[in-house]
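Here is my note on the model you sent over.

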Amino acid sequence: YIRGNQGNHSDDPIISLSKDANDNPVYTITRESTTTEVTVDYANSQTKVTTGASTNTYNGIPDGTSNEGVIIYTNDDIKSLSGTVAKTSQVTVSAERDIIITNHIQYQEYTPSPLSAEGYTNLLGILSWGGDVRIGTSAPNNINIHGVVMAPHGIFSVDNYQFGAPRGTATLLGGAITDFYGPFGTFSGQNPVSGYGRNFVYDARMLHGSAPPYFPYLSNFTSFDD
């Protein structure tokens, strides 16, 4: 839980996903001048937390009471999200307000062609409870995003999509669940003018019962025939 000062963007966290030499997931959180690195060692059931020169190692892993997976939550905005989702990582990065993607977010293990994550266990959810998920102006051309994006009261969109030169294609391996359809770019006929074109590839694992940790979803339905 990252407790932010809502309305004061100076302490909005920067979150980077990565892995260590043993392929353990590493979650790096920077707020202002403080950086905390959380390493989850599934093989030894330990969690290492490093802040500055201080390191503490705890027995157990932060995956809920029934191995649901990891959730990172802030009651504020996330001003930068990027990195690599380790092959053993199942994590949801969530915020009460906006989440800005600033660089590629990719699974350590996936099939590049045809693009798929079937057969692998790394899984990411990007969840804005009350805001938008946005691809920021500093994000690279031809950005790759692996994960399921959810903004139940907002949109998944690109900042300043209507300005500047075309930025190639935004490729999403996962899914997008939003209240409204957000803009990514502009076109003149078939020719891109600004922003990104879309290449959204559905992660078929979701069809088979997978979901990012703690995602709000229904597993049972009841129908009535009046």
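1. A cut-off first. Buried means under 20% relative accessible area, exposed means over 50%, and partly exposed is in between. S45, at 35% relative accessibility, therefore counts as partly exposed. Keep in mind that this is a predicted model.

2. Stay with S45 for its backbone. Its phi is near 50°, a positive value in a residue other than glycine. S45 sits in the loop between strand 3 and strand 4 (46-51).

3. N142 is not a glycine, yet it has a positive phi of about 50°. Its place is in the loop between strand 13 and strand 14. With a relative accessible area of 44%, N142 is partly exposed.

4. T137 is found in the loop between strand 13 (133-135) and strand 14. Is T137 buried or exposed? It counts as exposed, because its relative accessibility is 51% and the cut-off is over 50%. Leaving out residues up to four places away in sequence, T137 touches D159, N160 and R167.

5. The bond from S113 to P114 is cis, with omega near -10°. P114 lies in the loop between strand 10 (111-112) and strand 11 (115-116).

6. Now the interior. In soluble globular proteins, nonpolar side chains tend to be buried together. Here the largest nonpolar core has 42 residues. Those with the most contacts inside it are I15, I72, V93, L124, I126, I135 and F156. Strand 14 (residues 144-151) gives the largest share of this core, five residues.

7. I72 is one of those core residues with the most contacts. Beyond four places in sequence, I72 touches I2, I15, Y27, I29, V91, T92, V93 and S94.

8. T92 belongs to strand 8 (residues 90-95). T92 is buried, because its relative accessible area is 0% and the cut-off is under 20%. Not counting residues up to four places away in sequence, T92 touches V70, I71, I72, G125, L127, P212, P213 and F215. T92 and Y202 are 110 residues apart in sequence and 18 Å apart in space, C-alpha to C-alpha.

9. R205 is a charged residue found in the segment after strand 18 (191-202). R205 is buried, because its relative accessible area is 8% and the cut-off is under 20%. A polar atom of the R205 side chain lies 3.0 Å from the backbone oxygen of N122. Contacts of R205 beyond four places in sequence are Y107, A117, E118, Y120, T121, N122, L123 and S210.

10. Last, the largest pocket. About 290 Å³ of space lies in it. Strand 2 (25-31), strand 3 (34-41) and strand 6 (70-74) each give two or more residues to its lining. The lining has 13 residues, and Y1, I2, I29, T36 and V38 lie nearest the centre. By class, nine are nonpolar, three polar and one charged.

Note on methods:
Residues are numbered from 1 along each chain as its sequence is written. This is a predicted model: local features need pLDDT of at least 70, side-chain atom pairs count only at pLDDT 80 or more; totals for chains, interfaces and linings use all residues. Side-chain values use heavy atoms; hydrogens and water are left out. A nonpolar core is a set of buried Ala, Val, Leu, Ile, Met, Phe, Trp, Tyr and Cys residues joined through side-chain atoms within 4.5 Å. Buried means under 20% relative accessible area, exposed over 50%, partly exposed in between (1.4 Å probe, protein chains only). Helices (H or I, at least four residues) and strands (E, at least two) are DSSP runs, numbered from the N terminus. Contact means heavy atoms within 4.5 Å. A polar contact is a pair of N or O atoms within 3.5 Å; within protein, one must be able to donate a hydrogen and the other to accept it, and residues adjacent in sequence count only if both atoms are side-chain atoms. On a 1 Å grid over the protein atoms alone, a cavity is a set of points where a 1.4 Å probe fits but cannot get out, and a pocket is an open set with protein on both sides within 12 Å along at least five of seven lines; lining residues have an atom within 4 Å of a point. Grid points are joined across faces, edges and corners, and a volume is the space filled by probe spheres set on the points.
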